[in-house]
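Here's a quick briefing to go with the model you have open. Have a look at the chain, then work through the notes by topic.

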Amino acid sequence: MAASSDPWIKEYNEAVKIADDINGMISERISLPASGPETQRHASAIRRKITILGTRLDGLQSLMSRPTGKPLTEKEMNRRKDMVANLRSKANQMASAFNMSNFANRNSLLGPETKADAMSRTVGLDNSGLVGLQRQIMKEQDEGLEKLEETVISTKHIALAVNEELDLHTRLIDDLDQHVEVTDSRLRRVQKNLAILNKRTKGGCSCMCMLLAVIGIVVLVVAIYLLIKYL
């Protein structure tokens, strides 16, 4: 490996250290609850670290295109390219585990950013400049998270309003069902009373007919008796 004074080596060692920190933070997630504010903050911190690692890798890629000091041999250049590719592959795997699906294309939280755009931001920057760029990216991500939080809160309020509206409609439907049941019960009661009344009416009519028949027979007997008596 080249001398430790090589800026590229220093930058690569920093990137490896960040990758190790991310692995440690991922291991710490096991002791955290499955969900909750603390877990969300921890996941956000890991995503930021992954983004910083991506910026470091872009810086390493940029430094290889403009080496300082002694020119690199083709073998050393290829070796460094492999080192960056391996570290980027690990970063992509960690990003994929946290649903940072656009990380491989270097998409920021505020919107898509191509790899060429990301690398262009690191051109001409020294270590101090890269740190400043990382802070700027973190600031942009914070602003993006704030906007995302506002959107989530607004969506939550809309969902609550829709839920209240659905509850109201459900109560109205329940009340309507109750009224229908009460009306149906009353209707059945009325039909039963009508049937009883109809039955009684038929029974009363039969009694009246029998009474009239008896009266008729009595009148007929009296009439015959009178005819026989006076004739």
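**Arg79 and the rest**

Arg79 is partly exposed, with a relative accessible area of 29%; buried here means under 20%, exposed over 50% and partly exposed in between, using a 1.4 Å probe and protein chains only. Keep in mind that this is a predicted model, where local features need pLDDT of at least 70, side-chain atom pairs count only at pLDDT 80 or more, and totals for chains, interfaces and linings use all residues. Residues are numbered from 1 along each chain as its sequence is written, and side-chain values use heavy atoms, with hydrogens and water left out.

**Salt bridges**

- The whole structure has 6 salt bridges, each one being a side-chain nitrogen of Lys or Arg within 4 Å of a carboxyl oxygen of Asp or Glu.
- Arg79 pairs up with Glu76 in a salt bridge at 2.7 Å, N to O.
- Those two sit 3 residues apart in helix H3, so about one helical turn separates them; helices are DSSP runs of H or I with at least four residues, numbered from the N terminus.
- Glu76 is buried, with a relative accessible area of 15%.

**Around Arg56**

- Arg56 counts as buried because its relative accessibility is 10%.
- Not counting residues up to four places away in sequence, Arg56 touches Glu11, Glu14, Ala15, Ile18, Val131 and Gln134; contact means heavy atoms within 4.5 Å.

**Nonpolar core**

- The largest nonpolar core has 25 residues, and Trp8, Ile22, Ile50, Leu53, Leu57, Leu60 and Leu87 touch the most other members. A core of this kind is a set of buried Ala, Val, Leu, Ile, Met, Phe, Trp, Tyr and Cys residues joined through side-chain atoms within 4.5 Å.
- Helices H1 (7–28), H2 (37–65) and H3 (74–97) are the elements that give two or more residues to this core.
- H2 supplies the largest share of this core, 9 residues.
- Leaving aside neighbours within four places in sequence, Leu87 is in contact with Tyr12, Ala15, Val16, Ala19, Leu53 and Leu57.

**Aromatic pair**

- There is 1 aromatic pair in the structure.
- Trp8 and Tyr12 have ring centres 5.5 Å apart and planes at 5°, so the pair is stacked. The rings of Phe, Tyr and Trp (its six-membered ring) pair if their centres lie within 6.5 Å; planes under 30 degrees apart count as stacked, over 60 as edge-to-face and the rest as tilted.
- Trp8 counts as buried at 3% relative accessibility, and Tyr12 counts as buried at 14%.

**Helix H5**

- Ile137 has its place in helix H5 (residues 127–230).
- Ile137 is buried, with a relative accessible area of 10%.
- The C-alpha atoms of Ile137 and Ile52 are separated by 8.2 Å, although the two residues are 85 residues apart along the chain.
- Val218 lies in helix H5 as well.
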